[in-house]
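Subject: Structure handover

Hello,

Here is the structure for your files. My notes on it follow below.

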Amino acid sequence: MRYKGIIFDMDGVLVDSEPIYLQEVIDYILDDLKEEVVYLEQKREMNKIVGASDDKMFEAMSEYLNSKYSTE
């Protein structure tokens, strides 16, 4: 059978699955890792990286982790 085309779904083109993915990450952090975080704080922090480039995502994550786990 010959195919007439192939559809590639880069995240957000056909289905915006990033919010679902981020919710799963938050659930994993809260439930499986037993991390001591407030749900709304975690959701606010995670939403900073929605649609962000890798550089911006790592910058936001670094800022969050540095403020959460500072040596002060």
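In which hand, left or right, does H1 pass H2 in their crossing? The crossing of H1 with H2 is right-handed.

Please keep in mind that this is a predicted model. The mean pLDDT of the chain is 76, with 85% of the residues at 70 or more. Confidence is highest in helix H1, residues 18-32, where the mean is 79; it is lowest in helix H2, residues 39-47, at a mean of 75. Where pLDDT is low, the coordinates of a prediction should not be read in detail.

On the overall make-up: the chain has three helices and zero strands, so the order of elements from the N terminus is α-α-α. Of its 72 residues, 14% count as buried. Taking contacts between residues at least 6 apart in sequence, 36% link residues at least 24 apart.

Back to the helix pair. The axes of H1 and H2 come within 10 Å of each other and cross at roughly 140 degrees. Because of that angle, H1 is oblique to H2; the antiparallel class would need an angle over 145 degrees.

On the H1 side, the contact is made by Leu22, Gln23, Val25, Ile26, Ile29 and Leu30. H2 contributes Tyr39, Gln42, Lys43, Met46 and Asn47. By type, the residues of this contact divide into seven nonpolar, three polar and one charged.

Regards

Conventions. Residues numbered from 1 in each chain as written. Predicted model: local features only at pLDDT ≥ 70, side-chain atom pairs only at ≥ 80, totals over all residues. Heavy atoms only, no water. pLDDT = per-residue confidence, 0-100. Helix = DSSP H or I, 4+ residues; strand = E, 2+ residues; numbered from the N terminus. Axes fitted to C-alpha atoms, helices over the stretch in contact; angles between N-to-C directions. Parallel < 35°, antiparallel > 145°, perpendicular 65-115°, else oblique. Left-handed = near helix turned anticlockwise from the far one by under 90°. Contact = heavy atoms within 4.5 Å. Nonpolar A, V, L, I, M, F, W, Y, C, P; charged D, E, K, R; others polar. Buried < 20%, exposed > 50% of the residue type's maximum accessible area, 1.4 Å probe, protein only.
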